[in-house]
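Student: I have a model open and would like to work through its architecture. Can we take it piece by piece?

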Amino acid sequence: MTVHVSPAIIMRTWEFGESDLMVSFFTPEMGLLKGVAKGARKSRQRFANCLDLFCLSRLEYERKREGGLFSLHSGKLMQVFPGVRSGFSFLSLGSYMLELTEILFPAGVAARRMFALLHAALAGLDAEKQIDRLRILFEAKAMALGGYGFDLGRCCVCGRIYQGEGRAVFKPETGGIACLKCGQESIRTPGLGPAAIKLLHEMQSTSWDAAQAERLNTQAMSELKRVMKLHIEYRIGQRLKSAEFLAD
Ligand SMILES: [Zn+2]
């Protein structure tokens, strides 16, 4: 069987057997994988610090039989994101990012753009102080990459093109917006102003750096937070465990 060498983000680890470590890791070419690092808890030499949660490491791994676990041969640490561990809110958001990635991207499927996004988001979290904004940006991009982007171009009921003016309401069951003739603002269908809709469109469609440079206004942010929460709950159909630790 082929020996793979790939950059990988460490997503989870569990103690396994006497001295082994089970590791789930996210790679650009093969998505989420799971493998065993033999003896990793006894001797730290082969895997010096490279199997710590959130790290970017270059891993060498091989599958012994079809459908089985991978064996990790060795690893080299490429990037640590110490800021992710610098406080509870950072750690919570980092864990949430990993969990959302795991849910959106099934094991073994190539996920180059998601890998790049997760890497950029961890680097952002390492440096960033405005973590609310980072969270929304990550959510918008991850959902779009996972096939659950928001439909913002027209009213999802009457089909009228949204011209970028006036308020609209979000309809969770369609993942889109409706005009105020077709929907009313409520807790289940919260309103979005033009600034929030434009921002969301840009978050979904521009590069990470361009989207990060967008100016945010507080009202647009609070509208987006509400809508994003409903959208993720509706589409993913389960409450993310790590979301409980995030401030609303
Ligand atoms: Zn309408």
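The questions below go from domains to sheet to helix packing.

Student: How far apart are the centres of domain 1 and domain 2?
Tutor: Keep in mind that this is a predicted model. Domain 1 covers 3-80, and domain 2 covers 131-150 + 168-245. Taken over C-alpha atoms, the distance between their centres is 34 Å.

Student: Which strands are the edge strands of the open sheet of 4 strands?
Tutor: The sheet has mixed pairing, and its order is E6-E8-E7-E9. An edge strand here pairs on one side only. That gives strand E6 (151-155) and strand E9 (191-192).

Student: In which sense do E7 and E9 pair, parallel or antiparallel?
Tutor: Strand E7 spans residues 168-171 and has 2 bridges to E9. Look at Val-169: opposite stands Gly-191 in E9. The sense of the E7 and E9 pairing is antiparallel.

Student: Which helix packs on the sheet?
Tutor: The helix touches E6, E7, strand E8 (176-178) and E9. Its direction makes about 135° with that of E6. It covers residues 194-205 and is helix H4.

Student: Why is H4 described as roughly perpendicular to H6?
Tutor: Helix H6 runs over residues 218-236. The axes of H4 and H6 are 8 Å apart. Roughly perpendicular takes angles of 65 to 115 degrees, so H4 counts as roughly perpendicular to H6 with an angle of about 65°.

Student: What is the handedness of the crossing where H4 passes H6, left-handed or right-handed?
Tutor: The helices meet through Ala-195, Ala-196, Leu-199 and Leu-200 in H4. On the H6 side are Ala-220, Glu-223 and Leu-224. The crossing of H4 past H6 is right-handed.

Student: How many nonpolar residues are in the contact of H4 with H6?
Tutor: Sort the contact residues by class. There are no polar residues and 1 charged. Glu counts as charged, and Glu-223 is in the H6 part of the contact. The nonpolar count is 6.

Student: Why does H2 count as roughly antiparallel to H3?
Tutor: Helix H2 is residues 112-127, helix H3 is residues 131-145, and their axes are 11 Å apart. Angles over 145 degrees count as roughly antiparallel. H2 is therefore roughly antiparallel to H3, at an angle of about 175°.

Student: How many charged residues does the contact of H2 with H3 have?
Tutor: H2 contributes residues including Arg-113, Met-114 and Leu-117. H3 contributes residues including Phe-138, Lys-141 and Leu-145. By class, the contact has 9 nonpolar residues and 1 polar, and the charged count is 2.

Key: Residues numbered from 1 in each chain as written. Predicted model: local features only at pLDDT ≥ 70, side-chain atom pairs only at ≥ 80, totals over all residues. Domains from an automatic or database assignment. Pairing = 2+ DSSP bridges. Contact = placed C-beta atoms within 7 Å. Axes fitted to C-alpha atoms, helices over the stretch in contact; angles between N-to-C directions. Parallel < 35°, antiparallel > 145°, perpendicular 65-115°, else oblique. Left-handed = near helix turned anticlockwise from the far one by under 90°.
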